[in-house]
Amino acid sequence: LPIFVEKLAALCASEPQMTDDDLRRITAPTLVMLGDDDVLTVEHAATMVALLPEAQLAVVPGTDHALMFEKPDLVSRLFLDFLADDQPPSL
């Protein structure tokens, strides 16, 4: 576990960070999904959604950052519904 944590910390420190302007330039429909007990906060996710021109937010109840493993059926349904949704054209 210590080696994993060390490698994860190095990855987080070295990976490029997205700025608000980077998010505003993403024009593809985007689904921001997190668990209600995630390490990321709902407020942070809502800020991201506000910056993304074509974004939707899904908060999966009773899950943390491993939501895809904790509630795979619900997460799959959210993905499929998002992908099937007729997105309005970007202006």
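Helices and strands here are DSSP runs, counted from the N terminus. The model is a predicted one.

**View 1. Asp 36, in the loop that links strand 1 to helix 3.** Strand 1 covers 30-35 and helix 3 covers 42-51, with Asp 36 sitting in the loop between them. At a relative accessible area of 45%, Asp 36 counts as partly exposed. Look across to Val 60: the two C-alpha atoms are 5.9 Å apart, although 24 residues separate them along the chain.

**View 2. The Asp 36 side chain and the backbone of Gly 62 and Thr 63.** A polar atom of the Asp 36 side chain lies 2.9 Å from the backbone nitrogen of Gly 62. For the backbone nitrogen of Thr 63, the distance to a polar atom of that side chain is 3.3 Å. Neighbours within four places in sequence aside, Asp 36 also has Val 59, Val 60 and Pro 61 among its contacts.

**View 3. Asp 38, a buried residue without a salt bridge.** Asp 38 is in the loop between strand 1 and helix 3 too. Lys 71 is the nearest side chain of opposite charge, and it is 13 Å away. What Asp 38 does have is a side-chain polar contact with His 65, at 2.7 Å. The backbone nitrogen of Leu 40 is 3.2 Å from a polar atom of the Asp 38 side chain. Residues up to four places away not counted, Asp 38 touches Thr 63, Asp 64, His 65 and Leu 67.

**View 4. A nonpolar surface patch that includes Val 5.** Leu 1, Phe 4, Val 5, Leu 8 and Leu 11 make up the patch, together showing about 530 Å² of accessible area. Val 5 belongs to helix 1, residues 2-14, and is partly exposed, with a relative accessible area of 46%.

Definitions and conventions
Residues numbered from 1 in each chain as written. Predicted model: local features only at pLDDT ≥ 70, side-chain atom pairs only at ≥ 80, totals over all residues. Heavy atoms only, no water. Patch = residues over 30% accessible without salt bridge, like charges linked within 9 Å, V, L, I, M, F, W, Y side chains within 5 Å. Areas by Shrake-Rupley, 256 points an atom, 1.4 Å probe, with all protein chains shown as cover. Salt bridge = Lys/Arg side-chain N within 4 Å of Asp/Glu carboxyl O. Helix = DSSP H or I, 4+ residues; strand = E, 2+ residues; numbered from the N terminus. Buried < 20%, exposed > 50% of the residue type's maximum accessible area, 1.4 Å probe, protein only. Contact = heavy atoms within 4.5 Å. Polar contact = N/O pair within 3.5 Å; in protein donor to acceptor, adjacent residues only side chain to side chain. Lys, Arg positive; Asp, Glu negative; His and termini not counted.
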